[in-house]
Amino acid sequence: MNAGAPLTLPPELRARLRLLRLRPRLASGASGIGQHASRSRGAGLEFAQYRAYEPGDELRQIDWKLYARSDRFFVRESERESPITLWLLLDATASADQADRAAPQRTRLDHMRGVAACLVELALQQGDRFGLLAVNGDGLQLVPAASGARQRDRVYLQLQALQARGGWPLSERLRPLWERVRPGDLLLAIGDGFDEAGIVLLEQLASARREVALLQILSADERDFPFDAGHRFRDPETGEELLGDGAAIRADYLQRFAGARSALQARLQAGGIASATGWLDQPLDQPLQALFGRGGGA
């Protein structure tokens, strides 16, 4: 899914997405039912269908009368109201232009566009509202929240026009974000997760009763460090360069990379921020399966 190509999801990916449900934690608690109608199924208001029992389902959802007739466990699924508006926050700073050596034509930003398209598809499935917040050196680019196919097209157009450049903008340039994202909204940040100002923003949003999750998108080169000779490493945001022998520094790099990821994970957990990691050489929905598949949940 390259920048110049239309945002389309292959049939097999759409089929996997149909099995996922956006299940925010905060909004499903004591705050009650929200204002936005949703077609997602759960323990809700209006009966929708039966399905076979799966481990992890609540016993109170089993239809015991049907069990008595069929000797099989079935769960009642219901239409429920959606208590959330979904916001996608994309980190399109210069580091989003990175690509793996094995696939130089596909950047991190291309992959992030695809992940965002998957989330738009989930919101459409549930009839939820969704909006886009994109951050780069130009500041904040905003598509206000709405629902439906026309809203999808608006978000897609902005995603296609988005370019990776610059660093994280100053906090005053992000003020419109605070005016739009309300308490109880679900905000999914998509980026490499290594920008300090970006993590501080997520912590602030979470402490202000916005539900926040990070979809960390990393390259296979970052994971595997396949460099085995002299190489010039360049920070795309600062321009700083480092000359080094890949084979000689590989072990130290991998140790530092694992340490940085562990420290970030601990920090996110302390802030009540869910997270999942996607890699450029793996399917777009991989982090979504971790967050929203059965047994997951942001």
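Start with Asp285. Asp285 sits in the loop between strand E13 (274–279) and helix H9 (286–292). Helices (H or I, at least four residues) and strands (E, at least two) are DSSP runs, numbered from the N terminus. Before going on, the ground rules: this is a predicted model, where local features need pLDDT of at least 70 and side-chain atom pairs count only at pLDDT 80 or more, while totals for chains, interfaces and linings use all residues. Residues are numbered from 1 along each chain as its sequence is written, and side-chain values use heavy atoms, with hydrogens and water left out.

Is Asp285 buried or exposed? Asp285 is buried, with a relative accessible area of 2%. Buried means under 20% relative accessible area, exposed means over 50%, and partly exposed is in between (1.4 Å probe, protein chains only). What does Asp285 contact, leaving aside its neighbours within four places in sequence? The partners are Leu13, Arg16 and Leu17. Contact here means heavy atoms within 4.5 Å.

Now the whole chain. The protein chain has nine helices and 13 strands. Of its 298 residues, 46% are buried. Take the contacts with a separation of 6 or more: 73% of them are between residues 24 or more positions apart. The accessible surface is about 14,600 Å², and carbon and sulfur atoms hold 50% of that. Those areas come from the Shrake-Rupley method with a 1.4 Å probe; for residues, only the protein chains shown count as cover.

Next, strand E10 (211–218). How many of the eight residues of E10 are buried? Eight of the eight, so E10 is largely enclosed by the rest of the structure. Both faces are covered. One side has Glu211, Ala213, Leu215 and Ile217, the other has Val212, Leu214, Gln216 and Leu218, and all are buried.

E10 runs parallel to E9, joined by six bridges. Two strands pair if DSSP finds at least two bridges between them. In this pair, Ala189 stands opposite Leu214 of E10.

Stay with those two residues, and turn to cavities. Rolling a probe the size of a water molecule over the atoms shows where empty space is left. On a 1 Å grid over the protein atoms alone, a cavity is a set of points where a 1.4 Å probe fits but cannot get out, and lining residues have an atom within 4 Å of a point. Grid points are joined across faces, edges and corners, and a volume is the space filled by probe spheres set on the points. How many cavities of 30 Å³ or more does that rule give? One. The largest cavity has a volume of about 110 Å³. Its lining has 15 residues, with Asp91, Trp168, Ala189, Gly198 and Leu214 nearest its centre. Strand E4 (85–91), strand E9 (186–191) and helix H6 (196–207) are the elements that give two or more residues to that lining. By class, the lining has nine nonpolar, three polar and three charged residues. Nonpolar means Ala, Val, Leu, Ile, Met, Phe, Trp, Tyr, Cys and Pro; charged means Asp, Glu, Lys and Arg; the others, Gly among them, are polar.

Back to E13, at Ser275. Ser275 is partly exposed, at 23% relative accessible area. Not counting residues up to four places away in sequence, Ser275 touches Leu214, Gln265, Leu268 and Leu291. Ser275 and Leu215 are 60 residues apart along the chain, yet their C-alpha atoms are separated by 5.8 Å.

Two backbone points. Arg209 has a positive phi of about 70° although it is not a glycine. Arg209 is in the loop between H6 and E10, and is exposed at 56% relative accessible area. Phe225 also has a positive phi, near 45°, and is not a glycine either. Phe225 is in the loop between helix H7 (220–224) and strand E11 (230–234). Phe225 is buried, at 4%.

Last stop, a hairpin. E7 (residues 129–136) and E8 (residues 139–146) pair in the antiparallel sense over six bridges. Two residues lie between them. Leu132 stands opposite Val143 in E8.

Technical notes
1 Å grid on protein atoms, 1.4 Å probe; cavity = no way out; pocket = protein on both sides within 12 Å on 5 of 7 lines; lining within 4 Å.
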